[in-house]
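Please open the model in a viewer and keep a selection panel at hand.

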Amino acid sequence: MVQRKRVMGALVTATVLMSLVAGCGAKTTETTSATTAPQATKAAEAAKAGDGKVTVGFSQIGAESGWRGAETQSIQDTAKADPTIDLKFSDAQQKQENQIKAIRSFIAQKVDVIAMAPVVETGWEAVLKEAKDAKIPVILVDRGIDKKNEDLYTSFIGSDFIVEGQNAAKAMAEHLGDKGNIVELEGTVGASAATDRKKGFDDEMKKHPNIKIVKSQSGDFNRATGKQVMEAILKSPEGKDIQGVYAHNDDMALGAIQAIEEAGKKPGTDVKIVSIDGIKEAFEAVKAGKLNTVVECNPLLGPQLFQAAKDLKAGKQLPKWIKSNEDVFTGQKAIDALPNRKY
């Protein structure tokens with residue numbers, strides 16, 4: 001009996017010890033679970049937030065020119081090379097309604113930043129208010145919108161189009177010796193680039209009263225259209241005696257060069273040509289003596305755009321206008337710069 005009692009006592013003791021061990025184990029498990037749960041939650045939240053990525057929805061106007069293509073390439077290449085950027089790209093094919101649809105899609109996708117190159121200046125109030133209500137900042141790239149809507153976007157990245165027009169006018173006056181008749185090929189009607197380049201040029205030309213703009217017409221920033229418009233002008237009474245052409249972009253200038261040559265005149269000699277943008281073909285035309293001055297408008301805005309987007313997500317305040325660096329190229333200066341042109 002004594003031996004039986006000793007055995008029973010040992011069993012009870014073992015059972016108690018096992019219970020204690022099991023209890024400590026359970027307690028340890030609970031403690032571990034309590035300490036790791038917040039970390040797991042944070043990891044899930046980080047994954048949901050895109051693991052530190054900045055999602056940018058960009059609405060491009062289209063592909064109307066070599067300059068536009070260079071801008072698109074810059075934005076896509078910069079995003080591809082940066083693992084912290086998630087780019088959602090939309091091509092509007094020159095239509096404002098397509099851009100508005102794209103912006104609404106970006107809002108629905110809850111992107112961090114919306115960027116767009118607006119095809120025209122007006123008609124953005126409703127959709128940009130929707131973005132503002134959704135607390136999604138908007139960055140304008142290379143083109144602006146109506147000044148009364150400045151509160152609907154955070155920052156503009158791009159050129160001073162008025163200064164570009166002024167520089168083009170100064171170059172034209174120098175080429176013509178301050179006297180002559182000229183044609184102005186305007187960009188897309190309602191586009192800020194066209195409006196401001198015209199204003200800058202026309203204002204500067206007031207200082208040169210012996211130079212007259214005998215015809216001003218839109219070529220829609222397009223080479224084929226620029227050629228067609230120039231052909232029609234050369235056949236008109238106003239185009240019979242012209243000494244210069246000012247084109248709001250290089251593609252229209254290159255189209256005008258074709259029309260002038262087909263009309264039996266020498267572009268760059270009989271008719272001085274000044275244009276804006278700075279695409280490689282324009283520099284080649286300067287080297288060939290067919291184009292006289294190129295006023296640069298830098299399209300390589302990808303790095304500036306995505307740095308601005310990162311700054312916004314980090315809570316930093318952006319300047320209302322982030323300007324791009326640009327120059328004016330005439331003669332040998334353009335020829336020397338040609339090998340280094342990236343677009």
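A residue is called partly exposed when its relative accessible area falls between the limits for buried, under 20%, and exposed, over 50%. The model under view is a predicted one.

**Stop 1**

Select Phe89 to begin. Its relative accessible area is 31%, so Phe89 is partly exposed. Phe58, by contrast, has a relative accessibility of 0% and counts as buried. How many aromatic pairs does a search of the whole structure find? The search returns 4. In one of these pairs, the ring centres of Phe58 and Phe89 are 5.9 Å apart and the planes stand at 40 degrees, so the pair is tilted. Colour strand β1 (residues 54-60), which carries Phe58, and strand β2 (residues 85-91), which carries Phe89; the pair therefore ties together parts that are 31 residues apart in sequence.

**Stop 2: a stacked pair between helix and strand**

Phe201 belongs to helix α6 (residues 192-205) and Tyr246 to strand β8 (residues 244-247), so that the pair links distant parts of the chain, 45 residues apart. Phe201 is buried, at a relative accessible area of 0%, and Tyr246 is likewise buried, at 0%.

**Stop 3: charges over a ring**

Select Phe329 and display the side chains around its ring. The charged end of Lys333 sits over this ring, 5.4 Å from the centre. Arg341 also lies over the face of Phe329, with a distance of 5.5 Å to the ring centre.

**Stop 4: the cavity**

Rolling a probe the size of a water molecule over the atoms shows where empty space is left. The structure holds 1 cavity of 30 Å³ or more, and the volume of the largest cavity is about 100 Å³. By class, the lining of the largest cavity comprises 5 nonpolar, 2 polar and 6 charged residues.

The side chains of Glu64 and Arg68 are joined by a polar contact of 3.3 Å. Glu64 is located in the loop between β1 and α2, and at 11% relative accessibility Glu64 counts as buried.

**Stop 5: the largest pocket**

Select Lys147, Tyr153, Phe156, Asp196 and Trp321. Among the 16 residues that line the largest pocket, these are the closest to its centre. The space in the largest pocket amounts to about 310 Å³. Both α5 (161-176) and α6 supply at least two residues each to its lining. That lining has 6 nonpolar, 3 polar and 7 charged residues.

**Stop 6: the second largest pocket**

Keep α5 highlighted and select Asp160, Val163, Glu164, Asn167 and Glu326. Of the 13 residues lining the second largest pocket, these five lie nearest its centre. The second largest pocket contains about 150 Å³ of space. Its lining receives two or more residues from each of α5 and β10 (293-296). Which element gives the most to this lining? It is α5, with 3 residues. The lining of the second largest pocket divides into 3 nonpolar, 4 polar and 6 charged residues.

**Stop 7**

Finally, select Ala131, which is placed in helix α4 (residues 125-133). Is Ala131 buried or exposed? With a relative accessible area of 0%, Ala131 is buried. Draw a C-alpha distance from Ala131 to Lys110: the two are 9.6 Å apart in space and 21 residues apart in sequence.

Glu130 is also in helix α4. At 32% relative accessibility, Glu130 counts as partly exposed. A C-alpha distance from Glu130 to Ile103 gives 9.3 Å, for residues that are 27 apart along the chain.

Technical notes
Residues numbered from 1 in each chain as written. Predicted model: local features only at pLDDT ≥ 70, side-chain atom pairs only at ≥ 80, totals over all residues. Heavy atoms only, no water. Phe/Tyr/Trp six-rings, centres within 6.5 Å; stacked < 30°, edge-to-face > 60°. Helix = DSSP H or I, 4+ residues; strand = E, 2+ residues; numbered from the N terminus. Buried < 20%, exposed > 50% of the residue type's maximum accessible area, 1.4 Å probe, protein only. Lys NZ or Arg CZ within 6 Å of the ring centre and 35° of its normal. 1 Å grid on protein atoms, 1.4 Å probe; cavity = no way out; pocket = protein on both sides within 12 Å on 5 of 7 lines; lining within 4 Å. Points joined across faces, edges and corners; volume = space filled by probe spheres on them. Nonpolar A, V, L, I, M, F, W, Y, C, P; charged D, E, K, R; others polar. Polar contact = N/O pair within 3.5 Å; in protein donor to acceptor, adjacent residues only side chain to side chain.
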